[in-house]
Amino acid sequence: MTVLLERSAELAALDGLLAGSAAGGRVAVISGEAGAGKSTLAAAFAEAAGARAQMLWGACDPLLTPRALGPLHDIARRLGGRLRDRIGDGPRGEIFDLLLEALDRPPQAARPVVVLEDLHWADEATLDMVAFLGRRLALCRALLLITYREDEVGPDHRLRTVLAGLPPGLIRRVGLPPLSPAAVAELARRAGRADPGVHAVTGGNPLLVTEVLAAPAAGVPPTVRDLVLSRLATLTQPAREVAHLVSVVPSLAGLELLGDRLGEVDECLARGVLTARGEGVAFRHELLRRAVEESLSPVRRQALHAEILAVLERARADPARLVHHAHHAGDSGAVLRWTPVAARLAASLGAHRQAAAHYARALPLAADRPATERAELLEEYSLAGYHGGLAEALEARRSALALRRELGEPVAIGVGLRWMSRLSWWNGRPDEARDFGFRAVEVLETQPPGRELAAAYSNLSQLFMLGDEEERSIAWGLRATELARALGDLDTEVHALINIGSSRLHIGDPTGVTELRRAHDLAVAAGGLDDHAGRALVNLASSAVDRYDLDVAETTFDRIIPFLVARDLDGYHRHLLGHRARLLLARGDWAAAGDDVTQALAGPAMRGGGLVPAVAARAMLRARRGEPGALDDAHEAAERGYPTDEAQFFCLAAVALAEAYWLAGDLPRAAHEAGRGLKVALRAAHPWFAGELAFWKWRCGDDSPAPPVAAAPFRLLIDGDWRAAAAAWAAMGCTYLSACCLTHGDAGAAAEALHVFDRLGAVAPARRLRADLRERGWRVPRGPRRSTATDPTGLTGRQREVLVLMADGLSNAGIAAQLSLSAKTVDHHVSAVLSKLGVSSRGRAAAEARERGLI
C-alpha cells in the first residue's frame, strides 16, 4: 500500500467522491505545480480503491500540436469494443456517445474512474469531451478525475472556462500544496539521509524532494538537470543511449522504438531512471524528461527524432506524433506530408484550433508547391480557423482566392468569394460581406448552374435576413430553393428555407413559424444537417423572444435546447440561453434567468453578437437588483452588438444601456443610447424594439409621440393609458414591465408596483419609485428586510422552495400551482436543483436535502 505524507485529506476526498458516484457522477479536479504529486495521488487513490473502481487512464502529451482526443485514445484501447474501433474515423458525436455508454454501469459493478492527466496540454476536442461528460455525468455512476498544472493554466486558458461550466454540485477541487519541513525531514530520515537544506532548495516540491534524496552523491544538487544527469552517470553507455532516446519522446516509448535493447531498458528501470508505464517506458515526470532532452546537443536531438520518425512511419503512428518528430528532425518533406493528415483528423474530431495550427506550420513549407496544392491548404486552413473562431481564417481565404484567380478557376473563385462574404460578416464587416456575396453570384452565374451558385444565392438571402431587409432575403431565398431542388441539393435548400422562414417571421407573417419548424424537421430527417436543424429553431426562438411571443419561444426552447446539448452545438446553445434568460426576466423568474446567464457566459470566447443576449440580460438583472457591474455589462453588450449594425444585436444592447443609465440616474446618457437604438429599430421596422426604445426615451423626458410602428403595450403607455398598458403586459405574463407601467399611475397602482419590485428583488427600480413617491408627497410603503441566509449548495431562494415541495412529493404541475409559476419554469428549476445537488432523481434530491439539513 502506497503511503503518502500530508495527502490523507486529499485521498479521503477522492474516496468520498467515488462513494458519492453511486448516486450519480462526480468530478475531481486535482491541481498543483509541476512535481506536486498529482499523478502520484491518483495512483495511490487507484491502489486504495482496488476492486471498487475500474481505472481508465488517459494523458495529454506535450507535442508540438496536441493530438486530437489523445487521452481518449488511451482509454479506448483499455475499453475496447466499438469505441476502440470508431475512434480512428468515427464522427465525434458518436465517439462521445460510445464513451458515455461505456461509463453507464449497473450499481453493483465496479465504478468507472476516468483519469485525464495533464489537461494543461489538452487539445480542443479533449476539452469539449470534458464539457460533454460534465453535462451528462449526473446520469452515470462514474468519477471523472482531472489533473493539471496550475502554473501552466493562465486566466484565458480554455480549461478554466470548461471547468467553470461543470455543474457546481458535482465538482470537488483538490489543490496540492508543497510538503512541510516536517514531512521533508521524515522523508529524509526514511532515506537514511541528513535533511539540512533539502526543504529550502526544493521548496517542498515532492518530486524534487524525492530526486534529491535518491541522488547518488551527498549534498543537494542545485538544479533538476544536475539531479537527473547524476543518475544517468551511473548507467552503462548503452543504457544511457536508451534514456536519451526516450527523452525525446513526449509520452511513452513503446516496444517499436526500443527494439532489441530490452537489457538496457531493464538497467534504466532498475536504476530508477525510467519507469514502466502502460505498454512502454517513460521518465517518471515531464520535468525529468526535459532535463535529459535539453542536455543533448542539437545535432544529437535531431538525429534521435529522425530515428524515431522512421520507426513511427513504418508503424503508422498517430499523425500528430509524426508531425512532432518530423519537425524536430528538420525533415520538411515529412512535415508537409503528415501535417495535412493530422490537421484533417483533428478537424474531423472537432479540434479545429489544433487543425489550424497544423496548417499554419505546413504552409510556409509549401511555398514551392504547385498553386493548386497551396490553394487547397489555405482553404482547409481557413475552414479550420472559421470553425475555431480564429481571425486568421479571413486572410487565409483571401490568399487562397488570389491563387484561384491566378489559376483561372471560375467555380473555385466563386466559392472563395462566398466564403469571403461569410467570414467578413463573422468578423463584423456586413458591408464587405454583401459586396463579396454579390461578386460570388456574378462569377458563378457565368458558369453552368450548380450547387455553388445555389449556395451563393442562399448566402445573399441570409445576409439580407440578418440585415432586416426581408423582401430581398425572401427573393434570393426563393431563387436558391428553386435551383437547389432542381439539383437535388437538400443542404442548400434547407439553408435557404431557414432564411425565408426567418424573414417572414420578422415581418409578422405567421407562415414563418411553420417554415422554420419544417426546415428543422427536414434537416433532422436528412441526417448530417445538425447545424441547419439547430439554426432553424434557434432563429424561431430568438425572434419569438424579440417579439414577446413568449409562449412560442418557451415551446421552442423546450424542443431545441436538448437537441443542441445532445449534439454539442455550444455556440447556438449559449446564444439561446441568453434569449431564454430574457424570457425569464420578462416573466419574473430572475433566479432562473441568472442561472441561464451564468451557463451561457461560462465558455470559450465567442466572436460577433452571439453572446449579446446573455451579456445584455446580465446587465439588466444587475441593474434592476442594484448590483455592481451593470453598466460594464451593458457597455460590453454594446461593444459586441453595435458593430454588427443588426437590429437583433444593436437594439438589444441599446435597451440594456438605456435601462442601466436610467436606473443609475443618468437620464441624458440613457436618452442618447435609446435614441441610437431607435434609429436602427425604425429602419428595421421592428415594432417591439422600436416600442421599447421609444419607451426609454419617453421615460427620460422626451415628449415625442410613440412611433406608429411601436408595439401596442409600449404605445399605450407613451400615449398616457398606463392602465391598459399594464393590463396588456400582465396578460402576457410580463410582471416586471406591467409593474413599470403601474409606476406611472395613481397611488394604488404605485403601491402595487412596489410590491412587485420588492418580490422580484428589483432594488433599484423600487428605490427610484420610493424617491418619486416622496417627491409627490404620497405615503411610501416600507420595503422588505434583507435576507442574510446563505446556501453553500448554490441553490437560489426559489430553487429551495421547489426542493421543499419536491421533498413533499408534489409533481411539477403541483409545484407550479403552489408557486404560481408555469410548468416549464418549474421544469427548469427542478433540473437546476438536481444538477446543483449532484443527483439524478427527485427521490435522491429529497434524501440529499435531508442529509445536508437543507429542509
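A crossing of two helices is called left-handed if the near helix is turned anticlockwise from the far one by less than a right angle, and right-handed if clockwise. Helices here are DSSP runs (H or I, at least four residues) numbered from the N terminus. The structure is a predicted model, in which local features need pLDDT of at least 70 and side-chain atom pairs count only at pLDDT 80 or more, while totals for chains, interfaces and linings use all residues. Residues are numbered from 1 along each chain as its sequence is written, and side-chain values use heavy atoms, with hydrogens and water left out.

The pLDDT, the predictor's confidence in each residue on a scale from 0 to 100, averages 89 over the protein, and 94% of the residues score at least 70. Over residues 785-791, however, pLDDT stays under 50, and the model has two contacts there beyond four places in sequence, a contact being heavy atoms within 4.5 Å. Where pLDDT is low, the predicted coordinates should not be read in detail.

Within helix H28 (residues 530-546) lies Asn-539, which counts as buried because its relative accessibility is 14% (buried means under 20% relative accessible area, exposed over 50%, partly exposed in between, with a 1.4 Å probe and protein chains only). Leaving aside residues up to four places away in sequence, Asn-539 touches Met-465, Ile-498, Ser-502, Leu-505 and Leu-516.

Further along, helix H30 (residues 570-586) and helix H31 (residues 590-601) have axes that come within 8 Å and cross at roughly 165 degrees; these axes are lines fitted to C-alpha atoms over the stretch in contact, with angles from 0 to 180 degrees between N-to-C directions. H30 and H31 are therefore roughly antiparallel to each other (angles over 145 degrees count as roughly antiparallel, under 35 as roughly parallel, 65 to 115 as roughly perpendicular and the rest as oblique). Their crossing is left-handed, and the contact of H30 with H31 has 10 nonpolar, three polar and three charged residues (Ala, Val, Leu, Ile, Met, Phe, Trp, Tyr, Cys and Pro count as nonpolar, Asp, Glu, Lys and Arg as charged, and the others, Gly among them, as polar).

Helix H40 (residues 747-760) packs with helix H41 (residues 763-776) at an angle of about 155 degrees, with axes 9 Å apart, which makes H40 roughly antiparallel to H41. The residues of this contact divide into eight nonpolar, no polar and two charged. H40 also packs with helix H39 (residues 735-742), at about 145 degrees and with axes 8 Å apart, in a left-handed crossing.

Definitions and conventions:
Helices (H or I, at least four residues) and strands (E, at least two) are DSSP runs, numbered from the N terminus.
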